[in-house]
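Please load the model in your viewer and keep the selection panel open. The tour below moves from one selection to the next.

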Amino acid sequence: MIKTAITVSLVEQARGGPFVLWDGVEKGCQTAASLGYDAIELFAPGPDVVPVDTLRELLSKNNIGIAAVGTGAGMVIHQLNLCDPDADRRDKAKRFIESMIRYGAQFGVPAIIGSMQGRWGGDISREQAFEWLRSALNELGEIAGNEGVPLIYEPLNRYETNMCNTVAQGVDLCQSLTSKHVKLLADVFHMGIEEADPAAAMSAGKGFIGHVHFVDSNRSAAGMGHLNLEAIAKALIDTGYDRYVSAECFPKPDADTAAKNTIEAYKRLFPR
Ligand code: LER
Ligand code: MN
């Protein structure tokens, strides 16, 4: 069964970004639970901001789960990424991601590498950047595997990275890794920009997809843009995917409307 999640951001520096709930983790859990979501997806400044026990209590009190934890704060707050020309900063990027993997693992959920993957260019060749990215994913993938969770790698659209932009490129990357614990995040917003046929791309990701940001063309809530979400959802269901679809969308026209519209669309597209 496909489960539903909604993003909660605690990262002030990311205001204006594609996260729905911004009023703290307690309120986020309450709102998500009251609307019938299965889980929150947490975007936090680091692993120490919401102590594990505190979050455990909040989740249990609100009878809600957690789907995944983001690592983008490493980029947004500390400007760290895995393709930084400076070896010390690349290592700091890995250690930040490791800290989030270990945090998420205490809830049995994966960490997501999106913007922290970085990019090639300037003095850094494409080959060099991919070597660093592969090496980091192998190292971090093994750490995740030893913690009993996958590590999630997210292809992004061309305006955010020049590493992997499509699901097929992500599949190639996963196949080139020695670690078998790295899965892909299929973000339907990025797919709407990069894929010739998002539904076909979803099908081709069968077996490799470990998390989904299920939103619309304009990064609004599912149903508020122009993608053929019925076809994309059907393709995802047909792959046998049974993890989360998550609302990583703008809180437009406001958070409540985005959250309500998303869960209504999820109930329609992913009937139980
Ligand atoms: C960034 O555009 C994105 O989709 C996030 O999930 C990555 O941090
Ligand atoms: Mn995303």
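Which element gives the largest share of the lining of the largest pocket? In this predicted model, that share comes from E2, with 3 residues. The largest pocket has a volume of about 470 Å³, and 27 residues line it, with Phe19, Gly72, Ser115, Glu160 and Glu248 lying nearest its centre.

Next, select the manganese ion (ligand 2), whose coordinating residues are Glu154 (OE), Asp187 (OD), His213 (ND1) and Glu248 (OE), at 2.1 to 2.3 Å. The site has 6 donor atoms, with angles of 70 to 170° among them, and is octahedral. Along the chain, the donors of this ion follow the spacing E-x32-D-x25-H-x34-E. Asp187 in strand E6 (residues 182-187) and His213 in strand E7 (residues 209-213) are 26 residues apart, a pair that links distant parts of the chain. Asp187 counts as buried because its relative accessibility is 1%, under the 20% cut-off, and His213 counts as buried because its relative accessibility is likewise 1%.

Finally, turn to the largest nonpolar core, which has 94 residues, and select Leu42, Met202, Val212 and Phe214, the members that touch the most others. Helix H5 (residues 126-147) gives the most to this core, with 9 residues. If you then centre the view on Leu42 and leave aside its neighbours within four places in sequence, the residues in contact with Leu42 are Val8, Leu10, Val25, Leu55, Ile66, Ala68, Val69, Gly70 and Tyr103.

Terms used: Residues numbered from 1 in each chain as written. Chains lettered and ligands numbered in written order. Predicted model: local features only at pLDDT ≥ 70, side-chain atom pairs only at ≥ 80, totals over all residues. Heavy atoms only, no water. Core = buried A, V, L, I, M, F, W, Y, C linked by side-chain atoms within 4.5 Å. Buried < 20%, exposed > 50% of the residue type's maximum accessible area, 1.4 Å probe, protein only. Helix = DSSP H or I, 4+ residues; strand = E, 2+ residues; numbered from the N terminus. Contact = heavy atoms within 4.5 Å. Donors = N, O, S within 2.8 Å, 3.2 Å for Na, K, Ca; no water. Tetrahedral: all angles 85-135°; square planar, octahedral: opposite > 155°, others 65-115°. 1 Å grid on protein atoms, 1.4 Å probe; cavity = no way out; pocket = protein on both sides within 12 Å on 5 of 7 lines; lining within 4 Å. Points joined across faces, edges and corners; volume = space filled by probe spheres on them.
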